[in-house]
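Open the model in your viewer and keep the sequence panel beside it. This tour tells you what to select at each stop.

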Amino acid sequence: MKSFTCLSRLAVIATLLFSTNAFSLDAGALNKAKFEKLDTRDQEQYLEIVDREVTEVYPRYDLVYNKLVSEKSSAGLGEVFMTVDKILALGQKIWKIVDAGKPVSSTKFTKPISIIPNMDDVNGTFSSMSHWRAPIVRSFKVAYRNGFGSEVISFVYTVVFQYGGKFEGKGSYITGLFVSASNVSVSWGFNFSASSEIMSIANQGSMDSPVASAVVNINYKASSVLKSIDETDIFYVNGDGLLQRMN
């Protein structure tokens with residue numbers, strides 16, 4: 001009888017463990033009705049954000065193509081928002097890439113960033129530039145896990161820019177710099193948003209032959225009723241084709 005009772009208890013424990021694992025795997029499909037059936041401890045464990053992982057993934061070249069196509073129908077380079085020495089930055093300093101858990105279409109950006117010579121006629125200057133190189137493209141996946149180890153928030157952001165542009169045969173400038181989001185997944189009970197921002201520009205070269213550079217921040221916020229986490233990934237780009245993650 002004792003043996004039977006012991007086996008029964010083991011069966012119950014195994015069932016509970018299996019149920020917990022099943023819940024962990026199905027966390028992304030959880031809804032309010034299912035959540036309310038959980039006990040308080042499981043609810044807290046589900047809503048607790050305990051881990052974040054950033055990994056580089058295969059580049060989203062399709063985003064580059066879509067953005068370049070959308071720009072063909074747009075005139076102008078946007079407004080000047082920053083100047084340093086003999087270079088200036090045009091486009092939009094800050095832009096959303098994820099809003100309320102959904103990716104913001106890259107076609108909604110005012111303009112991608114261009115860092116070119118500081119001249120009065122920016123459109124004329126840009127039109128006379130040459131030697132632009134093929135785009136540099138790198139993509140990164142960000143994933144958050146809860147107390148069950150389930151992936152409850154994830155998205156991929158892609159950093160793109162062209163480099164090497166010359167004005168009157170000199171310098172190395174930047175154009176088409178932008179950040180896009182894709183593959184955004186936000187489980188029930190969580191909120192997520194992200195934006196990109198040009199923090200600074202600089203001339204890495206000489207006054208006679210400038211090398212444009214910029215620091216780009218990707219800011220994102222993950223939250224539930226229990227916790228809110230703000231994170232920033234920092235990138236450095238320059239006119240020689242360097243794209244480096246700084247943290």
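Start by colouring the chain by pLDDT, the predictor's confidence in each residue, from 0 to 100. The chain averages 84, and 80% of the residues score at least 70. This is a predicted model, in which local features need pLDDT of at least 70, side-chain atom pairs count only at pLDDT 80 or more, and totals for chains, interfaces and linings use all residues. Residues are numbered from 1 along each chain as its sequence is written, and side-chain values use heavy atoms, with hydrogens and water left out.

Select residues 2-25. Here pLDDT stays under 50, and the model has ten contacts beyond four places in sequence for this stretch. Contact means heavy atoms within 4.5 Å. Where pLDDT is low, predicted coordinates should not be read in detail.

Switch to cartoon view. Strands here are DSSP runs (E, at least two residues), numbered from the N terminus. Two strands pair if DSSP finds at least two bridges between them.

Look for an open sheet of seven strands, in the order β1-β7-β8-β9-β6-β3-β2, with antiparallel pairing. Its edge strands are β1 (49-57) and β2 (79-84), each pairing on one side only. From one strand to the next, the twist averages 20 degrees; the angles run from 0 to 180 degrees between N-to-C directions, with axes as lines fitted to C-alpha atoms.

- Select residues 136-146, strand β7. β1 and β7 are antiparallel and share eight bridges. Arg52 has Tyr144 in β7 as its bridge partner.
- Move on to β8. β7 and β8 pair in the antiparallel sense over ten bridges. Ser139 is bridged to Thr158 in β8.
- Stop at the hairpin of β7 and β8. Four residues lie between the strands, and Gly149 takes a positive phi near 85 degrees.
- Select 151-167 (β8) and 170-186 (β9). This antiparallel pair runs over eleven bridges. Tyr163 stands opposite Ile174 in β9.

**The six-stranded sheet**

The next stop is another open sheet, this one of six strands in the order β5-β4-β10-β11-β12-β13, with antiparallel pairing. β5 and β13 (243-245) stand at the edges with a single partner strand each, so one side of each has no neighbour in the sheet.

Select 94-99 (β4) and 191-203 (β10). They pair in the antiparallel sense over four bridges. Ile94 stands opposite Glu197 in β10. Val98 has Pro103 as its bridge partner in β5. Between β4 and β5 the hairpin has two residues, and Ala100 takes a positive phi near 55 degrees.

**Asn191**

Centre on Asn191, in strand β10. What does Asn191 contact, leaving aside its neighbours within four places in sequence? Show Ile153, Val186, Lys221, Ala222 and Ser223. Lys221 is 30 residues away in sequence, with a C-alpha to C-alpha distance of 8.0 Å from Asn191.

**The second largest pocket**

Finish with a surface view. A pocket is an open set of points on a 1 Å grid over the protein atoms alone, where a 1.4 Å probe fits, with protein on both sides within 12 Å along at least five of seven lines; lining residues have an atom within 4 Å of a point.

The second largest pocket has a volume of about 220 Å³, the space filled by probe spheres set on the points. Select its lining: Lys86, Pro117, Asn118, Met119, Phe167, Glu168, Lys170, Tyr173, Met207, Asp208 and Pro210. By class, that lining has six nonpolar, one polar and four charged residues. Ala, Val, Leu, Ile, Met, Phe, Trp, Tyr, Cys and Pro count as nonpolar, Asp, Glu, Lys and Arg as charged, and the others, Gly among them, as polar.
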